[in-house]
Structures are given as structure tokens and as C-alpha cells.
Amino acid sequence: NVNGFMLADMIKLRQPGVRVLYTTGHGRFAVRLKDDAGNIYGPILQKPYSEKELCAAIRDTPEDYKLA
């Protein structure tokens, strides 16, 4: 059972510095979340979203949300 945060952690081992845009259908998670060390996971896009909203979110995901 792997969630999006776990998957992102696995990906960062193979591709350090990859940018991640999370999506969720759970309103309580529709904020910028932090891990136990206080690091921001990244921006979260609330479902449902349109193609236009997805494109804007991808375009607007800043470089400083790269996973370290």
C-alpha cells in the first residue's frame, strides 16, 4: 500500500530534485503539508480539477518545491 507521499519519496531516490504536484479529493489535505522534519511536501491541487486548472498548477509549481 503506497500513498502519494511515499511514491514521491521513492522517486526522489532515483531522480533527486524532481518537482511534485500532489492532487487530492480530501479537503482536509488541500493545504501545503509538511513532513515530520518540517519540510514542505509541495503544492496540492484539490480534485476535481479541469485540464486548465491542472496546466496552471503544473506551470505555477515553483522550483523551490523540488524534493531534496
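Reader: Which residue does Asp9 form a salt bridge with, and how far apart are the closest N and O atoms?

Author: Asp9 forms a salt bridge with Lys12, and their closest N and O atoms are 3.6 Å apart; the term stands for a side-chain nitrogen of Lys or Arg within 4 Å of a carboxyl oxygen of Asp or Glu. This is a predicted model, in which local features need pLDDT of at least 70 and side-chain atom pairs count only at pLDDT 80 or more, while totals for chains, interfaces and linings use all residues. Residues are numbered from 1 along each chain as its sequence is written, and side-chain values use heavy atoms, with hydrogens and water left out.

Reader: Where do Asp9 and Lys12 lie?

Author: Both are in helix α1, three residues apart, which is about one turn of the helix; helices (H or I, at least four residues) and strands (E, at least two) are DSSP runs, numbered from the N terminus.

Reader: How many salt bridges does a search of the whole structure find?

Author: The search finds two, and in one of them the side chains of Arg59 and Asp60 meet at 3.4 Å, N to O.

Reader: Is Arg59 buried or exposed?

Author: Arg59 is exposed because its relative accessible area is 60%, given that buried means under 20%, exposed over 50% and partly exposed in between (1.4 Å probe, protein chains only).

Reader: Switching topic, how many aromatic pairs does the structure hold?

Author: The structure holds one. Phe5 and Tyr22 form this pair, which is tilted, with 4.8 Å centre to centre and 40° between the planes. It links distant parts of the chain, since Phe5 is in helix α1 and Tyr22 is in strand β1 (residues 22-24), 17 residues apart. Rings of Phe, Tyr and Trp (its six-membered ring) pair if their centres lie within 6.5 Å, and planes under 30 degrees apart count as stacked, over 60 as edge-to-face and the rest as tilted.

Reader: Why does Tyr22 count as buried?

Author: Tyr22 counts as buried because its relative accessibility is 8%, whereas Phe5, at 22%, counts as partly exposed.

Reader: And which residues make up the largest nonpolar core?

Author: That core has five residues, namely Ala8, Val20, Tyr22, Tyr41 and Ile44; a nonpolar core is a set of buried Ala, Val, Leu, Ile, Met, Phe, Trp, Tyr and Cys residues joined through side-chain atoms within 4.5 Å.
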